[in-house]
Amino acid sequence: MTIDTTVPDEHVPDEELEACATGLSIGDTRRSPERAQTRARKLARMDAWYELRARHSAEHASAFDPLSPNEMRRAVALVRNHESFAYHMRFASVMLVEPRKRDVLAGTVIRREAEVLLLDGVHRMTLRVGVDLDSDDVTRWEELPGQQPAITLDEFVDIEIETKAHPDVQEALRKRGLDIQQRALVTVDPWSPGNFGYPEEEGRRVGRGIFYMRSQNDDNQYAHPIDGLVALIDLDTLELIGLQDEDVYPVPMQDSNYAEKFMDSFRDDLKPLEIAQPEGASFKVDGWKVSWQKWSFHVGFNQREGLVLHNIRYNDDGRDRPIMYRASLAEMTVPYGDTSLMQRRKNAFDAGEYGLGACANTLELGCDCLGEIYYFSSATVNASGELEPRNNVICLHEEDHGILWKHYDQRTDKTEVRRSRRLVISFIATIGNYEYALYWYFYQDGTMELELKASGIVQTGALHDGQVSQHGLTIGKNLYAPHHQHYFSVRMDPMIDGIDNRVVELNTHADPTGPTNPYGNAFYVVETPLTTEQKAIRDLNLATARSWVIESSTATNALGAPTAYQITPGANCVPYAQPDSSIGKRAAYMYHHLWVTPWREDENYPAGAYPNQNPGDDGLPKWTAADRNVLDDDIVVWYTLGLHHVVRQEDWPVMPVDCMGFSLKARGFFDKNPALDVPPSAAAHCATGHTHCDELSDVDDHDARCDANH
Ligand SMILES: [Cu+2]
């Protein structure tokens, strides 16, 4: 179709404005009576789940347990009944106040406490309220001037409703040639504003609205960006305080859909693949504690980080050895490398500005997870303080993972091979256009691994006819996707055989051919302990095969070496945003792959406690300026994982998962391969005489039958 870009003289008539509000919006979905019913059903199921677990759990509530729905309800009620609470205040979050590590490890009686963040829109103030759930007391009522908690899901809805209905916005859409039906199908995505020092945003809680169109209610809106137009909303007053209308791009009109209903046909050559565990799974769940093989840990969940693991331990021939006190994805940031109006302020902090737990999915058997699954359910709160059930939010299951180890002895003609099985605990968050799936894996050889999978839909922008973006890839007519990066900060509170640990850097060197390297083939590893925070700000180096080892300061193995776990890096990248840019200052953690800090109660988030609208220099760069000791101390290790996303055509219209991660491998933690006692597998699948196995056996007479790796 042709877009009429002439600017009409007259304003949009009132009746058109009204009609334009008819298209389905996130508000219609989120606040619909049907959704309210579904929510009520989910809440009932979640309460029943908690009740059932309480009855069957041998272990009493632990210090690590996430807040239960009833604890959240009580926290909200205590806040609402407090004399300083006013009806206009909105709930931003209710989170567990985790007890101090030393108290937990000393077995001190732990009080259950919650922290509630409130938004007082009238006085433009954030309030931090402490609640003691044992005594039912409000213990703290503190103002946090200038600090902004994450944008709430209710504000997502407000941004769309308030922006779309505004006459100036309708006028701008009309100017772009959108008729009344098309304007009805316009969507507005909520974005955090960052901090660019604009005076009109000072002292306000701000959200940005970015515009798209759909050809029908369930069309993929990202195929139709309405570029050159960005709205700025005051989230306290819900006023449109700015509408940037810089360039009238054509709205790309070609639909690009991925949903089942839009597909004409599917490939038809897939035979069933069933995961059968006829005797059930090998893990045990007791309350929030998981035991599997020799591993054990506690599962946590909160609105900001989503899945959290606590107290990860390994039972080594009867010795219950600590490895990690706490591990979480503490922050993630997605800087876009594009100068256009629509893209240049896109710098989402998906944990601190939106909430990975707040945006977590209800997982579905057979789709998100396959096999014998145990689901954990939790809850978050909405702005009114009502519980938002997060049923089946965490998935726990086992997977076959190819071979664990193998050797064929040519002299005896005998093969020893063991299959690897891993325990997987995962969750998935949808933050606007993107899906982020987080998987912790536990292996039988003592390895832990974190894998992050990015999927969903890439951001898009519009192009004039014949225009090519320098900062993105053309993916359709008048349509491009901007290049960007994803940075993840993984916070690890290690406890390798005790609280006091150190980090040692390993670099491989090779001397020039000469007296120390007479044959030119030699190389060696230099180990350097990282003693202070500044010395422990480190980057990967392919030239020296750099990695880092977290060692116990007190325990040694049978050979006298410190027991340790090694951070084994996977793919990574470096930022291209300039350090003096807004995002460079606000997400300074991304400029280094490793940071080590001494444990402090209030140092939990690498870009600071409140990154939303924060001008920057908070978190890791601020704390580490003190250059505190990190050698043989109670330390926290921060690993930065980057995904450099130069967009591919194949990422459109929905992106096949892109994976990144790293491993924590035992290094001298055991005296030898700890997986010798994994029993040989029964060759069940091969014994049934499948032709593929027979063919393999014919080719090679040693036992190839059970090695089929993935
Ligand atoms: Cu990406």
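This report covers the copper site, the strands around it and the confidence of a predicted model.

Residues are numbered from 1 along each chain as its sequence is written, and side-chain values use heavy atoms, leaving out hydrogens and water. In this predicted model, local features need pLDDT of at least 70 and side-chain atom pairs count only at pLDDT 80 or more, while totals for chains, interfaces and linings use all residues.

**Copper site**

The copper ion has the protein donors Y434 (OH), H484 (NE2), H486 (NE2) and H645 (ND1), at 1.9 to 2.0 Å. Donors are N, O and S atoms within 2.8 Å of the metal (3.2 Å for Na, K and Ca); water is not among the atoms, so sites may look incomplete. Angles among the four donor atoms run from 95 to 137°, and the site is irregular. Four donors count as tetrahedral if all angles lie between 85 and 135 degrees; four count as square planar and six as octahedral if opposite donors are over 155 degrees apart and all others between 65 and 115; anything else is irregular.

Along the sequence, the donor residues follow the spacing Y-x49-H-x1-H-x158-H. Y434 in strand β18 (residues 434-442) and H484 in strand β23 (residues 484-494) link distant parts of the chain, 50 residues apart. Strands are DSSP runs (E, at least two residues), numbered from the N terminus. Y434 and H484 are both buried, meaning under 20% relative accessible area (1.4 Å probe, protein chains only).

**Around β18**

Eight of the nine residues of β18 are buried.

**Confidence and domains**

The chain averages a pLDDT of 91, and 92% of the residues score at least 70. pLDDT is the predictor's confidence in each residue, from 0 to 100. Residues 1-9 fall below 50, with 16 contacts beyond near neighbours in sequence. Residues 686-710 also fall below 50, with 26 such contacts. A contact means heavy atoms within 4.5 Å. Where pLDDT is low, predicted coordinates should not be read in detail.

The chain divides into domain 1 (62-142), domain 2 (152-261), domain 3 (284-666) and domain 4 (681-710). These bounds come from an automatic or database domain assignment. The C-alpha centres of domain 3 and domain 4 are 36 Å apart.

Methods:
Helices (H or I, at least four residues) and strands (E, at least two) are DSSP runs, numbered from the N terminus. Buried means under 20% relative accessible area, exposed over 50%, partly exposed in between (1.4 Å probe, protein chains only).
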